[in-house]
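Q: I'm new to this one and would like to learn how to read it feature by feature. Can we take it step by step?

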Amino acid sequence: MIPYGKHQIENDDIEAVVDVLENQFITQGLQVPAFEEALTKYTGAAYALAVNSATSALHVACKALNVGPGDWVWTTPITFVATANAARFCGAQVDFVDIEPSSRNICAKALLKKLIQAEHAGTLPKVLIAVHFAGASCDMQTLKTLCDQYGVKLIEDACHALGGDYQNHKIGSCRFSDFTIFSFHPVKSITTGEGGAVLSNSEALIKKAALFAKHGVTKDPELLETPLDGPWSYQQVELGFNYRMSDLQAALGISQLNKLNAFIARRRHKAFVYHGLLADLPIQLPNADMLEQSAWHLYAIEVDAQQRLPLYEHLWQHGVQVNVHYSPVHLQPYYRRLGFSEGDFPHAEAYAAKTLTLPLFPAMTDAEQNAVANALRSWYQ
């Protein structure tokens, strides 16, 4: 079976983890700060905070931006549920902005229309979470301009996009956002097993996110309410969480990050090859403009909605593990109970009804990619 995504672990990755096991602290040692520094060097962001998952990263980013009951957070319906859930964890209300069909990212025109309506209704969001779907950046400069105009904070959910580029800068530089979030799940650009990171150019915001990620406990003199009793002492100044990353994960992350550019180059090459192999089939391919900038976490095609299930079954029968990314968040049962229904975001729903994700990962062989293309081609012959 050819999986839709797969991590790539090599001997140097294993040796990095073994070194921590044998010679270093397994947690709260030197590897997590080293991984955070490596992330800032790679992306150009000023600060990074490594945590145990991207969901945790989204949560503490929302907390650092003071999201709470009575606030609104907007995002896209085409994402994993964690993007919206992070706002709900804070007690906020969630709404969505429809996608632009070609890029499958948040549509700036739809956002502007919704912001105008929300201003009149007194329901402007505190935060917009823009998702770089499949690894291609949203039009962040335009989104930032709109958010600034209406006083909205901006988070980049770049869980698909580590290693991608936008305007000749690495995604994660935070040039147009308050925070960027990365995921290190095994099918992402690099892996730490599970894990995530929060990046920012604001020292104040990253300190606040770190406080929430580490139990709300601090020794920072600027945050203490009274002097400490001694060097052993600390104070809990917020209700925080245990979202720390272990040094085992961070050591793996450092080793993987050294290979990120090579991983992304292979993903881009595979996407380019797919474009050639599948160009004559009656399917919608991803936007070709993404080929040189995207991190290519996913290669998602669009097929006839009525044929998708039998095509899905056909491909699995031929050893091709296709997947679907995603069912719209607003149509999940939990969000339906909040009042969302079919027809709310028509472009997102139309895309979701037709999409299939083809296998794509750095170690994918030419033979495997040809097998995927041949299995897909056999359906249409």
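Predicted model: local features only at pLDDT ≥ 70, side-chain atom pairs only at ≥ 80, totals over all residues.

Q: Where is histidine 330 placed, and is histidine 330 buried or exposed?

A: For the place, look at the elements on either side: histidine 330 belongs to the loop between H10 and helix H11 (333–336). For burial, look at relative accessibility, where anything under 20% counts as buried. Histidine 330 has 0%, so it counts as buried.

Q: Which residues is histidine 330 in contact with, leaving aside neighbours within four places in sequence?

A: They include Pro77, Arg336, Ser341 and Asp344. Glu349 is on that list too, and so are the aromatic residues Phe96, Tyr335, Phe340 and Phe345.

Q: Which residues form an aromatic cluster with Phe96?

A: Phe96 forms one aromatic cluster with Tyr334, Tyr335, Phe340 and Phe345. A search of the whole structure finds 13 aromatic pairs. One of them joins tyrosine 334 and tyrosine 335, with 4.9 Å centre to centre and 85 degrees between the planes. Planes over 60 degrees apart count as edge-to-face, so this pair is edge-to-face.

Q: What sits over the ring of tryptophan 74?

A: Here you look for a charge and a ring. The charged end of lysine 114 sits over that ring, 5.5 Å from the centre.

Q: Now a helix, please. Which residues of H13 are buried?

A: Gln369, Val372, Ala373, Ala375 and Leu376 are the buried ones. They cover an arc of only 155 degrees around the axis, which means they lie on the same side of H13. The face turned away from that buried side carries the exposed residues Asp366, Ala367 and Asn374.

Q: What do the buried residues of H13 pack against?

A: Their partners are helices H9 (260–278) and H10 (308–317), along with strands S12 (299–302) and S13 (355–358). As for length, H13 runs over residues 366–380 and spans 22 Å from first C-alpha to last, close to the 21 Å expected.

Notes
Residues numbered from 1 in each chain as written. Heavy atoms only, no water. Helix = DSSP H or I, 4+ residues; strand = E, 2+ residues; numbered from the N terminus. Expected span 1.5 Å × (residues − 1). Buried < 20%, exposed > 50% of the residue type's maximum accessible area, 1.4 Å probe, protein only. Arc of directions from axis to C-beta. Contact = heavy atoms within 4.5 Å. Phe/Tyr/Trp six-rings, centres within 6.5 Å; stacked < 30°, edge-to-face > 60°. Lys NZ or Arg CZ within 6 Å of the ring centre and 35° of its normal.
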